[in-house]
Amino acid sequence: MILAISSHDGKFDSPFSERFGRCDFFVIVDTESRSWDVKENPAAAARGGAGAQVVQFLADNGVEAVVSGRFGPTAFTALNAAGIRAYVAGEGTPEELLEEFLADQLQQVDTATGQGLH
(Lines give C-alpha, C1' and ligand atoms only; values in the text may rest on other atoms or scores of the structure.)
Protein backbone atom coordinates (compact mmCIF):
# COMPACT_ATOMS: atom_id res chain seq x y z
CA MET A 1 0.00 0.00 0.00
CA ILE A 2 1.14 3.54 -0.70
CA LEU A 3 0.80 5.81 2.35
CA ALA A 4 1.32 9.59 2.42
CA ILE A 5 2.16 11.43 5.64
CA SER A 6 1.98 15.23 5.81
CA SER A 7 5.30 16.83 6.69
CA HIS A 8 6.89 20.22 7.48
CA ASP A 9 10.30 19.38 6.09
CA GLY A 10 10.11 16.02 4.31
CA LYS A 11 12.26 14.25 6.88
CA PHE A 12 11.33 10.79 8.11
CA ASP A 13 12.54 11.48 11.65
CA SER A 14 11.10 14.94 12.43
CA PRO A 15 7.55 15.80 13.56
CA PHE A 16 4.83 15.43 10.95
CA SER A 17 2.66 18.37 9.89
CA GLU A 18 -0.88 18.56 11.24
CA ARG A 19 -1.89 20.47 8.12
CA PHE A 20 -3.13 18.41 5.19
CA GLY A 21 -3.86 20.66 2.22
CA ARG A 22 -1.18 23.19 3.03
CA CYS A 23 1.64 21.08 4.44
CA ASP A 24 4.97 21.71 2.73
CA PHE A 25 5.79 18.09 1.85
CA PHE A 26 4.44 14.56 1.85
CA VAL A 27 6.50 11.59 2.91
CA ILE A 28 5.23 8.83 0.63
CA VAL A 29 5.89 5.30 1.84
CA ASP A 30 5.42 1.90 0.25
CA THR A 31 4.26 0.02 3.35
CA GLU A 32 5.37 -3.37 1.97
CA SER A 33 8.95 -2.50 1.06
CA ARG A 34 9.21 0.42 3.51
CA SER A 35 10.85 2.46 0.80
CA TRP A 36 9.97 6.14 0.96
CA ASP A 37 10.15 9.26 -1.11
CA VAL A 38 9.49 12.92 -0.40
CA LYS A 39 7.33 15.06 -2.65
CA GLU A 40 6.75 18.77 -2.33
CA ASN A 41 3.09 19.69 -1.96
CA PRO A 42 2.18 21.58 -5.15
CA ALA A 43 -0.93 23.04 -3.46
CA ALA A 44 0.79 24.44 -0.35
CA ALA A 45 0.57 28.03 -1.63
CA ALA A 46 -2.70 27.71 -3.57
CA ARG A 47 -5.07 30.66 -3.25
CA GLY A 48 -8.00 28.33 -2.71
CA GLY A 49 -8.99 24.71 -3.14
CA ALA A 50 -5.73 23.35 -1.77
CA GLY A 51 -7.46 20.28 -0.33
CA ALA A 52 -8.93 19.17 -3.64
CA GLN A 53 -5.70 19.96 -5.51
CA VAL A 54 -3.54 17.96 -3.13
CA VAL A 55 -5.91 14.99 -3.30
CA GLN A 56 -5.52 14.94 -7.08
CA PHE A 57 -1.74 15.10 -6.65
CA LEU A 58 -1.80 12.20 -4.18
CA ALA A 59 -4.11 10.14 -6.41
CA ASP A 60 -1.76 10.76 -9.35
CA ASN A 61 1.06 9.34 -7.17
CA GLY A 62 -0.87 6.15 -6.36
CA VAL A 63 -1.54 7.05 -2.72
CA GLU A 64 -4.15 4.81 -1.08
CA ALA A 65 -4.13 6.24 2.45
CA VAL A 66 -2.99 9.46 4.11
CA VAL A 67 -2.07 10.44 7.66
CA SER A 68 -2.42 14.03 8.81
CA GLY A 69 -3.70 15.99 11.78
CA ARG A 70 -6.81 17.53 10.27
CA PHE A 71 -8.98 17.21 7.17
CA GLY A 72 -11.34 20.00 6.13
CA PRO A 73 -14.67 19.28 4.45
CA THR A 74 -13.50 19.90 0.87
CA ALA A 75 -10.38 17.81 1.32
CA PHE A 76 -12.26 14.99 2.98
CA THR A 77 -14.91 14.94 0.24
CA ALA A 78 -12.17 14.78 -2.40
CA LEU A 79 -10.33 12.01 -0.51
CA ASN A 80 -13.53 10.02 -0.25
CA ALA A 81 -14.29 10.46 -3.96
CA ALA A 82 -10.74 9.35 -4.85
CA GLY A 83 -10.98 6.27 -2.61
CA ILE A 84 -8.10 7.44 -0.42
CA ARG A 85 -8.47 6.52 3.25
CA ALA A 86 -7.83 9.25 5.83
CA TYR A 87 -6.21 8.71 9.23
CA VAL A 88 -5.60 11.28 11.96
CA ALA A 89 -2.67 11.56 14.33
CA GLY A 90 -1.87 13.97 17.13
CA GLU A 91 1.89 13.76 17.12
CA GLY A 92 4.84 11.74 15.91
CA THR A 93 7.37 11.50 13.14
CA PRO A 94 6.55 9.89 9.80
CA GLU A 95 8.67 6.94 10.92
CA GLU A 96 6.59 6.53 14.11
CA LEU A 97 3.32 7.08 12.28
CA LEU A 98 4.21 4.39 9.75
CA GLU A 99 4.67 1.93 12.61
CA GLU A 100 1.36 3.00 14.18
CA PHE A 101 -0.37 2.66 10.81
CA LEU A 102 1.03 -0.85 10.30
CA ALA A 103 -0.04 -1.81 13.85
CA ASP A 104 -3.57 -0.49 13.14
CA GLN A 105 -3.23 2.10 15.91
CA LEU A 106 -4.31 5.18 13.98
CA GLN A 107 -7.90 6.36 13.81
CA GLN A 108 -9.44 6.18 10.36
CA VAL A 109 -11.95 8.99 9.88
CA ASP A 110 -15.19 8.89 7.94
CA THR A 111 -15.94 12.60 7.96
CA ALA A 112 -14.11 15.92 7.95
CA THR A 113 -12.23 16.58 11.18
CA GLY A 114 -12.17 20.38 10.99
CA GLN A 115 -13.73 23.38 9.34
CA GLY A 116 -12.65 24.65 5.97
CA LEU A 117 -10.18 27.52 6.27
CA HIS A 118 -11.01 29.40 3.07
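Arg34 is found in the loop between S2 and S3, where helices (H or I, at least four residues) and strands (E, at least two) are DSSP runs numbered from the N terminus. The model is a predicted one, in which local features need pLDDT of at least 70 and side-chain atom pairs count only at pLDDT 80 or more, while totals for chains, interfaces and linings use all residues. Residues are numbered from 1 along each chain as its sequence is written, and side-chain values use heavy atoms, with hydrogens and water left out.

Although Arg34 is not a glycine, its phi is positive, at about 65°. Arg34 counts as partly exposed because its relative accessibility is 42%, the classes being buried under 20% relative accessible area, exposed over 50% and partly exposed in between (1.4 Å probe, protein chains only). A positive phi, of about 60°, is also found at Asp104, which is not a glycine either. Asp104 lies in the loop between H3 and strand S6 (107-109), and its relative accessible area of 64% places Asp104 in the exposed class.

A search of the whole structure finds two salt bridges, a salt bridge being a side-chain nitrogen of Lys or Arg within 4 Å of a carboxyl oxygen of Asp or Glu. In one of them, the side chains of Arg34 and Glu99 meet at 2.3 Å, N to O. This pair links distant parts of the chain, with Arg34 in the loop between S2 and strand S3 (36-40) and Glu99 in helix H3 (residues 94-102), 65 residues apart. Glu99 counts as partly exposed, at 38% relative accessibility. A salt bridge is likewise formed by Lys39 with Asp37, whose closest N and O atoms are 3.8 Å apart. Lys39 is partly exposed at 27% relative accessibility, and Asp37 is partly exposed at 39%.

A negative surface patch is formed by Asp9, Asp13, Glu18, Asp24, Glu40, Glu91, Glu95 and Glu96. Patches are made of residues with over 30% relative accessible area and no salt bridge, like charges being joined within 9 Å and nonpolar side chains (Val, Leu, Ile, Met, Phe, Trp, Tyr) within 5 Å.

Turning to the strands, S1 is largely enclosed by the rest of the structure, because five of its six residues are buried. S1 and S2 run antiparallel and are joined by six bridges, two strands being taken to pair if DSSP finds at least two bridges between them; within this arrangement, Ser7 stands opposite Phe25 in S2. With strand S4 (residues 65-68), S1 pairs in the parallel sense over three bridges. Here Val66 in S4 is the bridge partner of Ala4, and Ile5 stands opposite Val67.

S4 also pairs with strand S5 (residues 85-88), in the parallel sense and over four bridges, and Ala86 in S5 is the bridge partner of Val66. From S4, Ala65 and Val67 point one way whereas Val66 and Ser68 point the other way, and all are buried.

Key. Accessible areas come from the Shrake-Rupley method with a 1.4 Å probe; for residues, only the protein chains shown count as cover. Lys and Arg count as positive and Asp and Glu as negative; His and the chain ends are not counted. The place of a charge is taken as NZ of Lys, CZ of Arg, CG of Asp or CD of Glu.
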